[in-house]
Amino acid sequence: MMYEQMDIAEKTADAIGTEYRNTAKYVHEKIKKNYTGIVNKLKISDKDILKLMEEAKSSSYSDLLNMARRKGMTELVSYLEQPGQRYKYERLMEQAENIDNAINNLAAKESSMTW
């Protein structure tokens with residue numbers, strides 16, 4: 001019985017590890033694709049993107065747009081003002097929240113299985 005439980009625990013740990021790897025790979029590919037597209041299209045620096053990301057985390061779409069206007073980022077403003085960009089932004093934020101929730105749920109399941 002003890003060996004059966006150990007086998008189950010090892011298989012569960014392997015399954016959790018696989019889910020972590022798959023989630024990390026998926027998130028990495030999405031971020032890489034979006035990041036590369038934005039850098040190439042808007043021709044902005046990594047430093048500017050990091051600043052925008054930090055400020056955008058706690059901002060609404062209109063706050064992000066206003067911030068880009070204040071900083072004189074005309075290419076970014078015209079990109080954000082294009083039809084459908086608000087929807088893409090909201091979907092991206094929703095996906096980021098879903099990923100955070102999935103990772104938190106996985107971590108909760110893992111901690112409930114450990115002693």
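This is a short tour of a predicted model, stop by stop, with something to select at each one.

**Before you start**

Residues are numbered from 1 along each chain as its sequence is written, and side-chain values use heavy atoms, with hydrogens and water left out. Because the model is predicted, local features need pLDDT of at least 70 and side-chain atom pairs count only at pLDDT 80 or more, while totals for chains, interfaces and linings use all residues.

Colour by pLDDT to begin (the predictor's confidence in each residue, from 0 to 100). The protein averages 79, and 93% of the residues score at least 70. Confidence is lowest in H2, at a mean of 71, and highest in H4, at 83. Where pLDDT is low, the predicted coordinates should not be read in detail.

**Stop 1: helix H1**

Select residues 2-42, which make up helix H1. (Helices here are DSSP runs of H or I with at least four residues, strands are runs of E with at least two, and both are numbered from the N terminus.) How far apart are the end C-alpha atoms of H1? They are 59 Å apart, in agreement with the 60 Å that its 41 residues should span at 1.5 Å a residue; the expected span is 1.5 Å times one less than the number of residues.

Now show Ile16, Gly17, Val27 and Leu42 in H1, which are buried. (Buried means under 20% relative accessible area, exposed over 50%, and partly exposed in between, with a 1.4 Å probe and protein chains only.) The buried residues of H1 pack against H4 and H5.

Stay on H1 and pick Lys11 and Asp7. Their side chains meet in a salt bridge, at 3.2 Å from N to O. (That term asks for a side-chain nitrogen of Lys or Arg within 4 Å of a carboxyl oxygen of Asp or Glu.) The two residues are four apart in H1, about one turn of the helix. Lys11 counts as exposed at 53% relative accessibility, whereas Asp7 is partly exposed at 35%.

Step past the end of H1 to Lys43, where phi is positive, near 50 degrees.

**Stop 2: the nonpolar core**

Next, select Leu52, Leu64, Ala68, Leu76 and Leu80. These have the most contacts inside the largest nonpolar core, which has 15 residues. (Such a core is a set of buried Ala, Val, Leu, Ile, Met, Phe, Trp, Tyr and Cys residues joined through side-chain atoms within 4.5 Å.) Which elements give two or more residues to this core? They are helix H2 (46-57), H3 and H4, and H3 gives the most, with five residues. In soluble globular proteins, nonpolar side chains tend to be buried together.

Centre on Leu52. Leaving aside its neighbours within four places in sequence, Leu52 is in contact with Ile44, Leu64, Met67, Met73 and Leu76; contact means heavy atoms within 4.5 Å.

**Stop 3: helix H3**

Show Tyr61, Leu64, Leu65, Met67 and Ala68, which are buried in H3. They cover an arc of only 160 degrees around the axis, so they lie on the same side of H3. (The arc is that of the directions from the helix axis to the C-beta atoms.) After H3, find Gly72, whose phi is positive, near 70 degrees.

Then pick Arg69 and Glu81, which form a salt bridge with the closest N and O atoms 2.5 Å apart. This pair links distant parts of the chain: Arg69 is in helix H3 (residues 61-70), and Glu81 is in the loop between helix H4 (74-80) and helix H5 (85-113), 12 residues apart. Arg69 is partly exposed at 40% relative accessibility, and Glu81 is partly exposed at 45%.

**Stop 4: helix H5**

Go to Gln85, which lies in helix H5. Is Gln85 buried or exposed? It counts as buried, at 6% relative accessibility. Apart from neighbours within four places in sequence, Gln85 is in contact with Tyr61, Tyr79 and Leu80.

Being four residues apart in H5, they are separated by about one helical turn. Arg86 is partly exposed at 41%, as is Glu90 at 42%.

Finish at Ala96, also placed in helix H5 and partly exposed at 33%. Draw a distance from its C-alpha to that of Val27: they are separated by 9.0 Å, though 69 residues apart along the chain.
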